[in-house]
Amino acid sequence: MEVLSKAGLHGAFLGLLRAPCSKHIAVTCRRCLPMSCQAALRPLLRAAGCCFVFAPRAVAATSRFYLPHHSQSLRNESIRCWSNIPFITVPLSRTHGKSFAHRSELKHAKRIVVKLGSAVVTRGDECGLALGRLASIVEQVSVLQNQGREMMIVTSGAVAFGKQRLRHEILLSQSVRQALHSGQSQLKDMAIPVLEARACAAAGQSGLMALYEAMFTQYSICAAQVISVKDNDSLAARLAVEMKTDLLIVLSDVEGLFDSPPGSDDAKLIDIFYPGDQQSVTFGTKSRVGMGGMEAKVKAALWALQGGTSVVIANGTHPKISGHVITDIVEGKKVGTFFSEVKPAGPTVEQQGEMSRAGGRTLAALQPEQRAEIIYRLADLLTDQREEILLANKKDLEEAENKGRLALPLLKRLSLSASKLNSLAIGLRQIAASSQDSVGRIIRRTRIAKDLELEQVTVPIGVLLVIFESRPDCLPQVSALAIASGNGLLLKGGKEAAYSNQILHHLTQEALSIHGVKDAVQLVNTREEVEDLCRLDKLIDLIIPRGSSQLVRNIQKAAKGIPVMGHSEGICHVYVDADASVEKVTRIIRDSKCEYPAACNALETLLIHRDLLRTPLFDQIIDMLRVEQVKIHAGPKFASYLTFSPSEVKSLRTEYGDLECCIEVVDGVREAVEHIHKYGSSHTDVIITENEETAEFFLQHVDSACVFWNASTRFSDGYRFGLGAEVGISTSRIHARGPVGIEGLLTTKWLLRGDNHVVSDFSEHGSMKYLHESLPVPHRNSS
């Protein structure tokens, strides 16, 4: 063991990292960590493949810095991704000096401190380490280190590790003495004395570091250790500031900072915490293990924030999230509590969700005529403010074209016109007219027993989150349906339609204000990622995505606890039967494919009866598609009939969303049905035939949300169905299916009216009997 002065610390670090040796280096110092080693650590943190582990629990009263040697030479290996941790490439060019203002900026953090609380690294019995959890943390830190970041860990664990060793030694010692004294070989229950924390730390420190070294070695990373007697939270904060780190991650056994003690009835997780907000928080007791509680963490976090380091406090023990909590934080995901010095101009999305729920309940309590009046007013505003709306939409189109970030089909969806606004207004008036008999409608009445009557009535679902791309016309449509059904609404539009969405939302709130329910419809303007919104299961009751199939799939994957209503793909088929009419075929196919190829209800696969090949009708179909510049892909069977065929399709489950389609051959209606069930998406499928029996077979056997006979797939639409509009087309098999209008946004509740009724009266020897008589349902008059 070599004892060095403070001046020799830097050289000792360099010697440790550059040359293999068999000895440890100790530096005696009675001051706190940064006074001795900040100058030495700064250049060393830039060394490739080195991660520093700071263990605050020392083996003696005097602070010492131990730098155990890593026996394996450092190697510049290619960056890899382990397990399910996503690899990301990030420009790490930020200059330290000011903390990040938003979560999305955390991906630019270059130097990061991860503080592991005692509850994170300790098992539930407080005797030994949570090895699986610790291995996951090491993996995540290694991923970030190998991305080119500079990682430091402030960790507890020596006490738990030492306690495990000492308990084992005490039990072994007691059992041996007992056997020698009594001559008995059987072990009896023996009391374990209370172990002093410093003794446990002294016994466990070396083993803890050896464990870290072994774990980091698996990722070709050298781990160097520094020990200091210091409170974990303040040590981590001071280290973060002194070393000019970009981010401090504090992992504890709670999800983050709550406004009252976690577990209490009204406790709410604080997403973003700002300096000066301490008065709004009631702190509880500290965790079962560790030196400090949440109050100490907040003080340390605010101190680090003042020093220019961003801070996130999150849960490192939850089994579902701890496996990727560190990487999720660095990627800017909504995890834990983010400390920021920049307060947003408007409400947070959590506040918007609460406002929407309260406004929706007030909206549902209005009379049907009042809700209809709001929608009529919104329809009038769409035409009265036409010029302002089109001017805002023009700005969106110009920005999208200048940046070149939108494909042509998305640009078409983004574009508004006077005729489109007129159609929107007409659709909204249809919704208003049909909304008179929606909320509170009695759909069943039953007399359970004498003077005991039951009703089932329609009620709103609650708070809807509608996420949509490009199409700003979706905003007034969805708003009108939410208003008619009495639901609160959160809207998340794409950046490409920002100006259009803002003015349309402003007009929606203006219409809502006539009956004081302005808060019911909220437009999310914060930097919330879609994946983060999908985690707000306590605020949102149903998610409805409107956009590409990829968007829908991403939302369905991200929404763990919230139902999603929609369709991931729109693979629509048209089957041309042998008995199809020549006059009808080309018209229906042209409309289905070419009228709006980007729509989810556009034709993607054309099924042709085998007998129609090499007939004039088949030639007409091909000629029409060529004139319309539709690119044709051949299915496997169709390709086998041709000497020179179009490019063979890569997959029969393709949604092209453009002027492309697949042609495949089938032997008849039964094979067409089988093909649709195998490769379709249960959206919309069509048969063209003059044979009524064949058509009915198709209509009854195709298991899709919409099945048509001699009609274009493009009729699959809420407005065309007479619903006024739609929030989307659902291919799910529960609740709403197909174009979803007002009815699809309602659920039911049961109302039971009695007179001192109790279940015991209906027992075998009771005085009452069940009647279960159906009663007539009153019909509400609608204007």
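Predicted model: local features only at pLDDT ≥ 70, side-chain atom pairs only at ≥ 80, totals over all residues.

Student: Where is the place of Gly754?

Tutor: Gly754 belongs to the loop between S26 and S27.

Student: Which residues does Gly754 touch, not counting residues up to four places away in sequence?

Tutor: Gly754 touches Asp451 and Leu452.

Student: What is the strand order of the open sheet that has S26 and S27 in it?

Tutor: The order of its four strands is S26-S13-S12-S27, and the pairing is antiparallel. Strand S26 (746-753) and strand S27 (773-774) are the edge strands, as each pairs on one side only.

Student: How many bridges join strand S13 to S26?

Tutor: Strand S13, residues 452-460, is joined to S26 by eight bridges, and the two run antiparallel. Within this pairing, Gln456 stands opposite Trp750 in S26.

Student: How should I read the two faces of a strand, and are those of strand S5 covered or uncovered?

Tutor: The general idea is that side chains in a regular strand alternate between the two faces of the sheet. In strand S5 (residues 111-116), six of its six residues are buried, so the strand is described as mostly covered, where buried means under 20% relative accessible area. Arg111, Val113 and Lys115 lie on one side of S5, with Ile112, Val114 and Leu116 on the other; all are buried, and both faces are covered.

Student: Which strands are joined to S5 by bridges?

Tutor: Six bridges join S5 to strand S6 (residues 150-155), and these strands run parallel. Here Met151 in S6 is the bridge partner of Ile112. Strand S8 (residues 247-252) also runs parallel to S5, with five bridges between them, and in S8 Leu251 stands opposite Leu116.

Student: How does one read the packing of two helices, and at what angle do helix H7 and helix H8 pack?

Tutor: One reads the angle together with the distance between the axes. Helix H7 (residues 232-242) and helix H8 (residues 294-306) pack at about 10 degrees, and their axes are 8 Å apart. An angle under 35 degrees counts as roughly parallel, and H7 and H8 are therefore roughly parallel to each other.

Student: Which residues meet in this contact of H7 with H8?

Tutor: From H7, Asp233, Ser234, Ala237, Arg238 and Val241 meet Ala296, Lys297, Ala300, Trp303 and Ala304 in H8. By class, six residues in the contact are nonpolar, one is polar and three are charged.

Student: How many aromatic pairs are counted?

Tutor: The count is six aromatic pairs. One of them is formed by Tyr575 and Phe698; the pair is stacked, at 6.5 Å centre to centre with 20 degrees between the planes. Tyr575 lies in strand S18 (residues 572-576) and Phe698 in helix H23 (residues 692-701), so the pair ties together parts 123 residues apart in sequence. Both Tyr575 and Phe698 are buried.

Student: What geometry does the aromatic pair of Phe618 and Phe638 have?

Tutor: Phe618 and Phe638 are edge-to-face, with 5.9 Å centre to centre and 70 degrees between the planes. Phe618 lies in helix H20 (residues 616-627) and Phe638 in helix H21 (residues 636-641), so this pair ties together parts 20 residues apart in sequence. Both Phe618 and Phe638 are buried.

Technical notes:
Residues numbered from 1 in each chain as written. Heavy atoms only, no water. Pairing = 2+ DSSP bridges. Axes fitted to C-alpha atoms, helices over the stretch in contact; angles between N-to-C directions. Parallel < 35°, antiparallel > 145°, perpendicular 65-115°, else oblique. Contact = heavy atoms within 4.5 Å. Nonpolar A, V, L, I, M, F, W, Y, C, P; charged D, E, K, R; others polar. Phe/Tyr/Trp six-rings, centres within 6.5 Å; stacked < 30°, edge-to-face > 60°. Buried < 20%, exposed > 50% of the residue type's maximum accessible area, 1.4 Å probe, protein only.
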